[in-house]
Structure formats: structure tokens, C-alpha cells
Amino acid sequence: QKFPSQNIHVFDRLSSPPSPTDDAVWSDIAKFYLIGLGSRGQHALAKYGVWDDVEAVCTAVVGRKDWSPESGAEDGVERIFTDRPVTTQVLPRDKLVGVLHQHVLENYGDRIELNYGYEVAPEDFAALENQAVRLRVSKCDNTDERFNPAAVTKNKNGDEPSELCDVDESFTVTTNLLIAADGTSRTVANQMENDDELRWSKLNPVQKLLNREKPFQIKRYVDDNRRVYKTIPMKIPSDWRPDLNYSARTKDGRINYDALPADRNGNYCGVLLVKEDDEFAAEDTDPLRLRSLLDDTLPQFSALLDDETLAGIAKKPVSFLPSFRYAGPRLNQGDRTLILGDCAHTVKPYFGLGANSALEDVEILEEAIDQTESIPEAVHLFSKKRAKESKSLVKLSRELDRPGKLGFLTFVLPLIMDSIFHGMLPKVFEKNTIAMLQKEGITFTGVRRRKRMDRLGQVALIGTGLSTLTWGVKALVRKAASATGKKATTIGAGFGAAIVLASFFRKFVSLLNPNSSPADVLVTSDKKK
């Protein structure tokens, strides 16, 4: 609205989304790629007057029911979320696109032109004497990909393929502002990186040292905890709540299963996660062996799947989760190009941070435009506000997804410590990282900073407590040795062993399993309360 003479052209390589209320389209549950909208996403959508329309096609998720091998509960453990600022709303990703598509046509049809089936590649980030960006637009023919879960990421690196369209059927356009939100394919971000690598290679060591603007790079983490997945359509029984997230896992960590409501009628879309070397991490696997595995490990869910559904699951290929990536140290190229969303910060979809952080990016961009007087100023201000946030978001998320013992040290153990210390001193120590990510008004960088402070305080208290305990035990040992006539070392060893066993293993021994899940910790914490 600040630049009323500006028209906007949107190019999307996929086909036009269908109506979000067309039941015939959305009835095939297995095609859905579900997302959960939390406080960050809901706040952004409400700001632009579209949240009511989005919420109308969502399903509320008010809690979680989890079958954990560590919980010992045959009927599962149910948790209703009471400490979150909003109720999570779930819908297929492309249903959200459909709502936004309709909103644009109904309210901004004369200002915003939507073009589907086109790929965009930058040719010059400083065209027309730095007054425009020149782009090559290519026609695509990928109409079947919008609803295919396997198309979310098609390769093992967790990236979408970037070469999808026919460059022979292309044309060039110029724009005075390019906003790239092209997901994990990163066509624009990759070109930014290539241009900076070339520019940087031409500088001598002194120039590199004195250059204030460091080269743009994409930090690509090796996925050391890779899982692949298959989606599973599931109808829950009438006596199950239709507003819960259902989950289960095996004790050895082989299988994780998570299911979210696809609609308000009890239809769920489950995600079966396995390691990439598992025998069922492939297409055309044996449905009888898969049935046997599910009967043994997930009987409560296996009973809900008929033989035809199970055969389809065994036959379908696996899909890959995105790998952790972030761009930096800036999110702009020159004065007229910026990136946001997944192409700036890619995370796995375990904690609902992908879509929500992308919508928050849009909100921050609007603030940058409102706070400045020109497009170049807005571009640089947005980059300043969100570059560190992108890095913090990805680093936080990756810490929640490390494998085995490393995952225990970076995630499970901190959850245990946060549960203990926040419970004892809630005004001093914050809640765990997952809970903090749901809070309004705190940045990802703020979450990281606060948790570092909490860790320092926790370690200091533990150290002080151990010092005090050591002094007290020594005094007690001397008295006990004097009274019994035994050696002080013998008495001391007995006291030390008893203290360690009583204080640590009594409550959390089950969580020392490297395959423990965050849900196991949260369930145990709730049971303590």
C-alpha cells in the first residue's frame, strides 16, 4: 500500500491451486502434506485479514496422545496443551495456498498478477544501472506436482530440483524488487552464492580483508539423522478424539509414527518415519512383512489400516525430509533482491517452524517497508532484521534433531534440566526450548540467548550444590566413621553412591536411552507434575 503505483507479478512453478473448499479434491488423504499454524503464522495471517478464511478450512489440534515405550501406558498418554498462546490449526499446505490465491483474486486482482507454471532465474541483480533486476522466466509443465508428497523434496540432499522447466520457451523481465520465496530449490539464492563466489575470487587478500560485505553463502549441513517417510491415510475410531496429534515410536528408534487430522471428520494423515537403510525405506516392499512389523510395533494403528491401504503404502516410494540450511550473512543481493522462507532458512517439519517462520518473514518485510522511504532501504533493513534470525532458527532446530547420544546431550538432557529447574524456580528459569518457540514476542535469537543463560545458571547451581553437598558429606562421614569405627573412605563411598542413585536415576533412568524421544521427556515431566 505504500507504493500504490507498483504492480506485483507472482510466478509459481506449480499449477494453480484448487478451491480450498472442494471436497472432491481434498478427499485423497494420502496426497496431503499437512502443516500446523501456530502463533507466529496465525498472527501474520490475521494482520493481512485472511486468517478467518484460513481458520475456516483448518482442523484444531488441542493436544497429543503418545504411545511411548518408556511411558509404560498401554492406552497411551494424553496431553492437552494449556500453556500455548493459541490453538494449533492444521491444514494441507496447498489448501493454505488455495485460500491465499482466492484472497488475492478477490481483493487485489487489479494489482497482483498470478502466473502459474513458470520458473524464474536471475540474470543480472544490478540491471539498468542498479535500478532493476533482470530475470529469465521459463514455461513449466509440472501440473501433477502440487499434490504429490514425494515432490516436497525429491532428492537425498533434501533439496527440490531447480531445473524443472523449458529454457527454450522463455522470456526476460525486469523488476525494481525481486522477492524470492522459491523454497528449497533456491534458484535465486544459489545464483546469489555463485555471483558472490566469483566476485570474491577476483579480490586479492588485502581487498578481502578490507571488504566490509562478506560473501553470501548457504550453510548446508550434512544430515546425520536422516529419516525418510511414507504418508498413510487413516480413519480413527469414533471413540478417539479427532482433535489430537497421535504418535508412537519403537524403543530401538527404528520407527516413528505421527498422525495429524486432515479434516474434522476423523480422517488423519499419518507419517511413517524410518531410517533410510531400513528394508521398508523403498518402494514395492512386501505388504505382508509390513503388516507383521506394524502389528508388532504399532498395533493400535495397524488395526486401522485395511489390506488395500497397506498394500498401497508398501508400493509407494519414500519421500525425503528437507535438510538443514541457512543463508547468510545477509538475505539480500544488492539493493533490489531479497530471499525469505525456506530458501533463506530450511528446517525439518517436526516442530512447526517452517511455514510459520516464512509467514513471519513476510510480516517483518512489511515492517521494513513501513519504516523506510525507498525499496533499497527496505531491502537492507529486512536483511538486517532477519539474517541472524534465519541462522538462529536453523541452529536451534538442528539441535533438536541430532542422533543417538549426541541428541541426548543437545536436546533430551536440556529438556530434563529445564523441567527440573523451571519447576523449582519458574521466575528464574524459562521453560524448555520447544515451549519457548511457541511464545509470542520472542525472537529465535532471543530463545538461543535465553537458553544459554539458563544453562549457565543451571550449571552454576549444580556446581554450588555439589560443593555444599561435598562439604556436608565429608562432615557426616567423619562423624559416622567416629561412631562406627570404620574407615572414612568406606563410609564416603557408600554415601556418594546412594546420593547419585537417588537423585538422578530414580526419576529419569528411562530417558538415558539414546533412542528416547522429546515426547518421552515431556510425558515423564507431566507425570511428575
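Reply: Start with the salt bridge, which is a side-chain nitrogen of Lys or Arg within 4 Å of a carboxyl oxygen of Asp or Glu. The structure holds 35 salt bridges. This is a predicted model, so local features need pLDDT of at least 70 and side-chain atom pairs count only at pLDDT 80 or more, while totals for chains, interfaces and linings use all residues. Residues are numbered from 1 along each chain as its sequence is written, and side-chain values use heavy atoms, with hydrogens and water left out.

Me: What makes D278 and R254 a salt bridge?

Reply: Their closest N and O atoms are 2.6 Å apart. That is within the limit, so the pair qualifies. The two residues are 24 apart and link distant parts of the chain: D278 is in the loop between β16 and α8, and R254 is in the loop between β14 and β15.

Me: How do you know that D278 is buried?

Reply: Buried means under 20% relative accessible area, exposed means over 50%, and partly exposed is in between (1.4 Å probe, protein chains only). D278 has 12% relative accessibility, so D278 counts as buried.

Me: What makes D196 and R199 a salt bridge?

Reply: The closest N and O atoms of D196 and R199 are 3.5 Å apart, so this pair also meets the definition. Both residues lie in helix α6, three residues apart, about one turn of the helix. A helix here is a DSSP run of H or I with at least four residues, a strand is a run of E with at least two, and the numbering goes from the N terminus. D196 is buried because its relative accessibility is 3%, and R199 is partly exposed because its value is 28%.

Me: Why are K385 and E367 called a salt bridge?

Reply: Their side chains meet at 3.7 Å, N to O, which is still within the cut-off, so the label holds. K385 is in helix α12 and E367 is in helix α11, 18 residues apart, and the pair links distant parts of the chain. Elsewhere, salt bridges that share partners join R40, E360, D361, R386 and E389 into one network.

Me: Why is S185 called buried?

Reply: S185 has a relative accessible area of 3%, so S185 falls in the buried class. S185 is found in the loop between β11 and α6.

Me: Why can D53 belong to a charged patch?

Reply: Patches are made of residues with over 30% relative accessible area and no salt bridge; like charges are joined within 9 Å, and nonpolar side chains (Val, Leu, Ile, Met, Phe, Trp, Tyr) within 5 Å. Lys and Arg count as positive, Asp and Glu as negative, and His and the chain ends are not counted. At 43% relative accessibility, D53 passes the area condition and counts as partly exposed. D53 gathers with D52, E55 and E106 in a patch of negative charge on the surface. Helix α3 gives the most to this patch, with three residues.

Me: Which residues make up the positive patch?

Reply: K384, K388, R449 and R452 gather there on the surface. Helices α12 and α15 each give two or more residues to this patch. R452 has a relative accessible area of 46%, so R452 is partly exposed.

Note on methods. Areas by Shrake-Rupley, 256 points an atom, 1.4 Å probe, with all protein chains shown as cover. Charge placed at Lys NZ, Arg CZ, Asp CG, Glu CD.
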